[in-house]
Amino acid sequence: MLSTEYYFNKYFLQLSVFAFPWVGSEEVAKDIVQDAFIVLMGRQDLLEKGEHVIKSFLYSSVKNLAMNIRRRNIVFDRVRNQINNDEPDDYDILDNLINAELIGTLHRELNELPEGCQRICRLIYIDGLKYDEVAQELNVSVNTVKTQRMRAINLLKRKFLYILLAIFII
């Protein structure tokens, strides 16, 4: 069985050259290869399988890591371009203000719901749990979770309808 150091010395250059076209930076390509070897060091079971398996694993790992960085860079570039192209105007500021106030009001009203409704809404909408997961965590039936969720939504609808009417009447 050969060591990780052996494979590092043998394949580092090739893997770095392999990663470069996706990331466009020699330093980033080298970092990616180092990360692939760190993953390999955590997979001692692969070191027993032979050079062909390890070589395949390294090339696959480098490709996946490089593609992830490339995708992240594309997203960052889009966001950066959008930020640079879009000067905030009065409508954006107003939208942000309305969203902030709406979310603040929603959290305040959520805190005023009955405790059962409040806990279930937090678990579903904030923690992202599914009905059966909430039921299991709270040791209640799925139907109880659905009923409490609907009760909370109806209470919030009434409160927000009242708030909207107050805004438009004033």
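User: In what order do the elements of the protein chain run from the N terminus on?

Analyst: This is a predicted model. From the N terminus the order is α-α-α-α-α-α-α-α. The count comes to eight helices and zero strands.

User: What share of the 170 residues counts as buried?

Analyst: The buried share is 25%. Buried here means under 20% relative accessible area. S61 is a case: its relative accessible area is 12%, so S61 is buried. S61 is found in helix α4.

User: How do I read charge pairs? How many salt bridges does the structure hold?

Analyst: The general idea comes first. Side chains of opposite charge can pair when their charged atoms come close. This structure holds five salt bridges.

User: Take E51 and K10. What is the N to O distance, and where do the two residues sit?

Analyst: The side chains of E51 and K10 meet in a salt bridge at 2.5 Å, N to O. E51 is in helix α4 (residues 51-85) and K10 is in helix α1 (residues 4-23). The two are 41 residues apart, and the pair links distant parts of the chain.

User: Are E51 and K10 buried or exposed, or partly exposed?

Analyst: E51 has a relative accessible area of 23%, so E51 is partly exposed. K10 is at 37% relative accessibility and also counts as partly exposed.

User: What about D45 and R43? What is their N to O distance?

Analyst: The side chains of D45 and R43 form a salt bridge at 3.3 Å, N to O. D45 is partly exposed, with a relative accessible area of 36%. R43 is partly exposed, with a relative accessible area of 36%.

User: Which parts does the salt bridge between E112 and K159 tie together?

Analyst: The N to O distance between the side chains of E112 and K159 is 3.5 Å. E112 lies in the loop between α5 (90-111) and α6 (115-126), and K159 lies in helix α8 (residues 142-169), so the pair ties together parts that are 47 residues apart in sequence. Salt bridges that share partners also join E109, E112 and K159 into one network.

User: How accessible are E112 and K159?

Analyst: E112 is at 54% relative accessibility, so E112 counts as exposed. K159 is at 28% and counts as partly exposed.

User: Now surface patches. Which residues form the negative one?

Analyst: A patch takes residues with over 30% relative accessible area and no salt bridge. In this structure D127, D132, E133 and E137 form a negative surface patch. Take E133 from that group: its place is in helix α7 (residues 131-138). E133 has a relative accessible area of 35% and is partly exposed.

User: Which residues form the nonpolar patch on the surface?

Analyst: V75, V79 and I83 form that patch. Together they have about 260 Å² of accessible area. V79 is placed in helix α4. V79 is partly exposed, with a relative accessible area of 41%.

User: How do I read a backbone angle? What is phi of N139?

Analyst: Start with the general rule. Most residues other than glycine have a negative phi. Phi of N139 is near 60 degrees, a positive value in a residue other than glycine. The place of N139 is in the loop between α7 and α8. N139 has a relative accessible area of 71%, so N139 is exposed.

User: Last, C-alpha separations. What separates E48 and L2, and what separates S61 and E137?

Analyst: Read each spatial distance beside the sequence gap. E48 and L2 are 46 residues apart along the chain, and their C-alpha atoms are separated by 8.2 Å. E48 lies in the loop between α3 (44-47) and α4. At 62% relative accessibility, E48 counts as exposed. S61 and E137 are 76 residues apart along the chain, and their C-alpha atoms are separated by 37 Å.

Conventions:
Residues are numbered from 1 along each chain as its sequence is written. This is a predicted model: local features need pLDDT of at least 70, side-chain atom pairs count only at pLDDT 80 or more; totals for chains, interfaces and linings use all residues. Side-chain values use heavy atoms; hydrogens and water are left out. Patches are made of residues with over 30% relative accessible area and no salt bridge: like charges are joined within 9 Å, nonpolar side chains (Val, Leu, Ile, Met, Phe, Trp, Tyr) within 5 Å. Accessible areas come from the Shrake-Rupley method with a 1.4 Å probe; for residues, only the protein chains shown count as cover. A salt bridge is a side-chain nitrogen of Lys or Arg within 4 Å of a carboxyl oxygen of Asp or Glu. Lys and Arg count as positive and Asp and Glu as negative; His and the chain ends are not counted. The place of a charge is taken as NZ of Lys, CZ of Arg, CG of Asp or CD of Glu. Helices (H or I, at least four residues) and strands (E, at least two) are DSSP runs, numbered from the N terminus. Buried means under 20% relative accessible area, exposed over 50%, partly exposed in between (1.4 Å probe, protein chains only).
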